[in-house]
Amino acid sequence: METSSMSDARCEKYRPLEDKIALWTSLTANERTRGFHWFAARPAHEQAEIIMEGEENILPRLQTANPGKEQDKDMRYAALLLAIRRAGFDLVRRRGYRVQGHKEFEKFEQLRQGTLQSLKNQKKAPLRQTLLAHWGDVRLLKKQGTGFLLISRYLQRAHHIKASASYIARLWREVEE
């Protein structure tokens, strides 16, 4: 019971900070977390630009609107969140290209094209390499006297590798004999 009251006291300690941040940014704790995840996924040069935007443009406005030196760290945090939001983080999940303008839509189009290109370039590992990766199982089963048909079925069920018994036998002759 005491740990519960301790955690409640800890939450009460940070509640004023939560209220200030929510007031300055209009973001809930969950939205702030998603915003930082979005920020972490950006390239380093974009992250630097976002941080500079927050420090140079947004922080001075926050400081003039809310005077008080003890709030400096909190305001830097809020300025970074506002810069993240201005840079393109969208509160509506998976709808960023609809909410953003035409220029931002082109960025999303470039991201889609890059993703498609990387999927085209990815090639499935050849069956031979996949089988050789599990060759220890094949060797063990063969030493136990198991036939290639049962080895083929085992590989299908245990490792989701579709290889015919004749292909495994041919590979066995190449590798083991």
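The bend at a residue is the angle between axes fitted to the seven residues ending there and the seven starting there. In H3, a kink of about 45° lies at isoleucine 58, shortly before proline 60. This is a predicted model, in which local features need pLDDT of at least 70, side-chain atom pairs count only at pLDDT 80 or more, and totals for chains, interfaces and linings use all residues. Residues are numbered from 1 along each chain as its sequence is written, and side-chain values use heavy atoms, with hydrogens and water left out.

Helices are DSSP runs of H or I with at least four residues, while strands are runs of E with at least two; both are numbered from the N terminus. The protein chain has 10 helices and zero strands.

How far should helix H3 span? Its 22 residues (44–65), at 1.5 Å a residue, should span 32 Å, and the end C-alpha atoms are 30 Å apart, which agrees. The expected span is 1.5 Å times one less than the number of residues.

Buried means under 20% relative accessible area, with a 1.4 Å probe and protein chains only. The buried residues of H3 are Ile50, Gly54, Ile58, Leu59 and Leu62.

Now to tryptophan 38, which sits in helix H2 (residues 29–40). Not counting residues up to four places away in sequence, tryptophan 38 touches Ile50, Ile84, Ala87, Gly88 and Phe89; contact means heavy atoms within 4.5 Å.

| Tryptophan 38 and phenylalanine 89 | Value |
|---|---|
| Apart in sequence | 51 residues |
| Apart in space, C-alpha to C-alpha | 6.7 Å |

Terms used: Buried means under 20% relative accessible area, exposed over 50%, partly exposed in between (1.4 Å probe, protein chains only).
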